[in-house]
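Open the structure in your viewer and keep the selection tool at hand.

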Amino acid sequence: MSYGIAVLPGDGIGPEVVAEALRVLRRVEELSGEEVAFDLESFDVGAEAWRRTGEAISDGAYGACAAADAILLGAAGLPDARHPDGREAGADVIFRLRFGLDLYAGIRPVRLYPGVPTPLRDTAGGIDYVIVRENVEGVYAGRHGGSRVEGEVAADTSIVTRAGTLRIAEAAFALAESRARAGHGRAPLVTCVDKSNVLASYAFFREVVTEVAARHPDVAFEAVYVDAAALYLVQRPATFDVVVTENMFGDILSDLGAGTVGGLGLAGSGDVGDAHGLFQAAHGSAPDIAGQGIANPLATVLSTAMMLDWLGRRHDDQAAHRASAWIDAAVATALGDGSALTGDLGGSAGTSSAGDAVLRALDTVAAAA
Ligand code: ATP
């Protein structure tokens, strides 16, 4: 099957890491005998585009994203490209796509690959869980609705709706069920993370998620306050399977999770809704290392694998599923033998040599399949 992919390289290291992900996509296309194929079209978005044109994402680019089968994003934003009120201009890209295409579920896997250094002392049980972040409500829904009395008071409103919580909770339970079916060896468990002991909106979030839990008796359920969750994700990460949480908590905890499994350079993510999916590394444009050829491209490569898995599910396409599994296995191989370890992981590979290592491993993985 052939898929139309809107490619948004963006700013900073975005174009560098996307280039490697596209090499990987082209290679799986070849290795699959074009059973899975891609029609790639790139669009100029982000902070630099905003500086040049006054728009971080044009209507044309947005329309192409809406029409594509999936969207692959590098990173959008630069710290010094800001609107007069201080908001980052590049963030308009992700906010317009997230809200406009209703990409309500932020899927952020946290997985420790063999060979990757972790700051945790005891990882005996392994680390392999997924944070499901509500993406369009919560505290960040107030992005345009906050109020400010100049120099005196600022307030934002957190929005939690029943419909929004029902669908993110259903997404989390469906994910726990599908992970169990895929046989990753862990009893399915959904953990609701909130602050229901302090704020009414979080108490409501927990209430609705608990209601959804009752519809899924095959999946164990627990609810944990966010402060305790931050502790447990460090102390006993092996006990988590799927974590469902509000927008801002998901944003913060997914960086914490990434920190336990090698950092942002390995943190892939997907922003998905019922009709559209956008895939990007969880990291930003990292302007401090842009243009030096040292950025870790694997988070974007892993996001590409997530994109193929999502396309496979949407279109019931086994070739796409297979391609996704190849990429995942190739990344694991190239990390395990050290050939894809970039500077952030304590290795010496550059961006393109890490990409080369994944391509070599892909050939081996596909040949063995
Ligand atoms: P944003 O707010 O846009 O998510 P950020 O402020 O979190 O961005 P990043 O751009 O993600 O910042 O960078 C944070 C730190 O992590 C920087 O020091 C950066 O160099 C490093 N970093 C981020 N991504 C990578 C990567 N792919 N490879 C190596 N280092 C990275």
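Select His-283 and the ligand: a side-chain N or O atom of His-283 is 3.2 Å from a nitrogen atom of the ligand. This is a polar contact, meaning a pair of N or O atoms within 3.5 Å. The model is predicted, so local features need pLDDT of at least 70 and side-chain atom pairs count only at pLDDT 80 or more, while totals for chains, interfaces and linings use all residues. Residues are numbered from 1 along each chain as its sequence is written, and side-chain values use heavy atoms, with hydrogens and water left out.

Next, select Asp-288, where a side-chain N or O atom is 2.9 Å from an oxygen atom of the ligand.

Move to Asp-102, in the loop between helix H4 (91–100) and strand S4 (105–111). Helices (H or I, at least four residues) and strands (E, at least two) are DSSP runs, numbered from the N terminus. Phi of Asp-102 is positive, near 55°. Most residues other than glycine have a negative phi. Is Asp-102 buried, partly exposed or exposed? Asp-102 is partly exposed, at 31% relative accessible area (buried is under 20%, exposed over 50%, partly exposed in between; 1.4 Å probe, protein chains only).

Last, select Asp-316, in the loop between helix H9 (298–315) and helix H10 (318–336). Asp-316 has a positive phi near 45° and is exposed, at 64%.

Conventions:
Polar contact = N/O pair within 3.5 Å; in protein donor to acceptor, adjacent residues only side chain to side chain.
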